[in-house]
Amino acid sequence: MQNQLTCEQVTALLSFYAEDKLSSKLTEYVRQHLESCPSCMEKYLQMKNMLNKFIDIQNEEIENPYATKQYEDFKANLSAYVDNELNNFESIKIKKIAISNPLARQDLENIYTFKKLLHSAFEKTKNDVKTDYSRNIIFQLKHDTIDDKKVDPFVKLSVAFFIMLTLLVAGLIRFLYF
Ligand SMILES: [Zn+2]
């Protein structure tokens with residue numbers, strides 16, 4: 001049986017054909033035309049290819065296999081985990097998710113990179129503060145020595161007390177953050 005479909009008609013039917021939405025009779029007519037017409041076949045293959053890509057993208061968005069409820073829990077607890085605020089059981093759970101789920105692992109790496117940047121910025125500030133402390137103390141000592149005779153003993157005591165307090169606070173900061 002010879003079908004009468006023209007190239008134009010086949011082109012119009014191609015997307016339906018590619019999605020298998022034609023009647024069995026029409027499907028057969030289109031299939032026969034494609035077999036004997038390289039230019040329509042070419043169009044069909046291009047359309048099929050595009051359709052497959054579109055379906056892939058759709059599937060990726062709709063059902064990313066890693067965007068699970070577990071992953072949502074992971075995200076909710078991530079910063080607490082990084083700050084060591086979780087109990088052992090919870091942090092083991094987070095670790096396991098990070099090992100098995102690439103999305104989670106990526107998030108963890110990102111947050112650690114961010115923390116590192118934050119930490120190095122903090123280190124820099126701390127060093128600046130340290131320099132200022134030493135400079136102040138040296139200045140005060142010099143000042144003390146030069147004006148020794150004129151300085152009121154109470155002021156001297158206050159300065160000594162201030163220096164001790166400064167050292168104590170600096171020590172405390174060291175103790176807390178190192
Ligand atoms: Zn044709």
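Okay, hi everyone. Some ground rules before the tour. Residues are numbered from 1 along each chain as its sequence is written, and side-chain values use heavy atoms, with hydrogens and water left out. Since we're looking at a predicted model, local features need pLDDT of at least 70 and side-chain atom pairs count only at pLDDT 80 or more, while totals for chains, interfaces and linings use all residues.

Let's start with the overall layout. The chain has seven helices and zero strands, where helices (H or I, at least four residues) and strands (E, at least two) are DSSP runs, numbered from the N terminus. Going along the sequence, you read α-α-α-α-α-α-α. Of the 178 residues, 21% count as buried.

Cys7 is partly exposed, because it comes in at 36%. And if all those cysteines made you think of disulfides (pairs of cysteine sulfur atoms within 2.5 Å), a search of the whole structure finds zero.

His33 leads us to the next stop, as it is placed in helix α2. His33 is also 27 residues from Thr6 in sequence, yet their C-alpha atoms are 8.3 Å apart in space.

Helix α2 covers residues 24-36, so 13 residues, and reaches 19 Å from its first C-alpha to its last, close to the 18 Å expected at 1.5 Å a residue. That expected span is 1.5 Å times one less than the number of residues. In α2, the buried residues are Thr27, Tyr29, Val30, His33 and Leu34. They cover an arc of only 160° around the axis, which puts them on the same side of α2; the arc is that of the directions from the helix axis to the C-beta atoms. Here's the handy rule: an α-helix has 3.6 residues a turn, so residues three or four places apart point the same way. The face of α2 turned away from the buried side carries the exposed residues Ser24, Lys25, Glu35 and Ser36.

Next up is helix α5, residues 88-100. It has 13 residues and reaches 18 Å, close to the 18 Å expected. Ser91, Ile94, Ile97 and Ala98 are buried in it. Those buried residues fall within an arc of 120°, so they line one face of α5. Turned away from that side are the exposed residues Asn88, Phe89, Lys96 and Ile99. At the start of α5, a side-chain oxygen of Asn87 reaches to within 3.1 Å of the backbone nitrogen of Phe89.

Last, two loop residues. Most residues other than glycine have a negative phi. Asp20 has a positive phi of about 60° although it is not a glycine; it lies in the loop between α1 (7-18) and α2 and is exposed at 61%. Asn84 also has a positive phi of about 60° without being a glycine. Asn84 sits in the loop between α4 (69-82) and α5, and is exposed at 69%.

That's my tour, thanks!

Terms used
Buried < 20%, exposed > 50% of the residue type's maximum accessible area, 1.4 Å probe, protein only. Polar contact = N/O pair within 3.5 Å; in protein donor to acceptor, adjacent residues only side chain to side chain.
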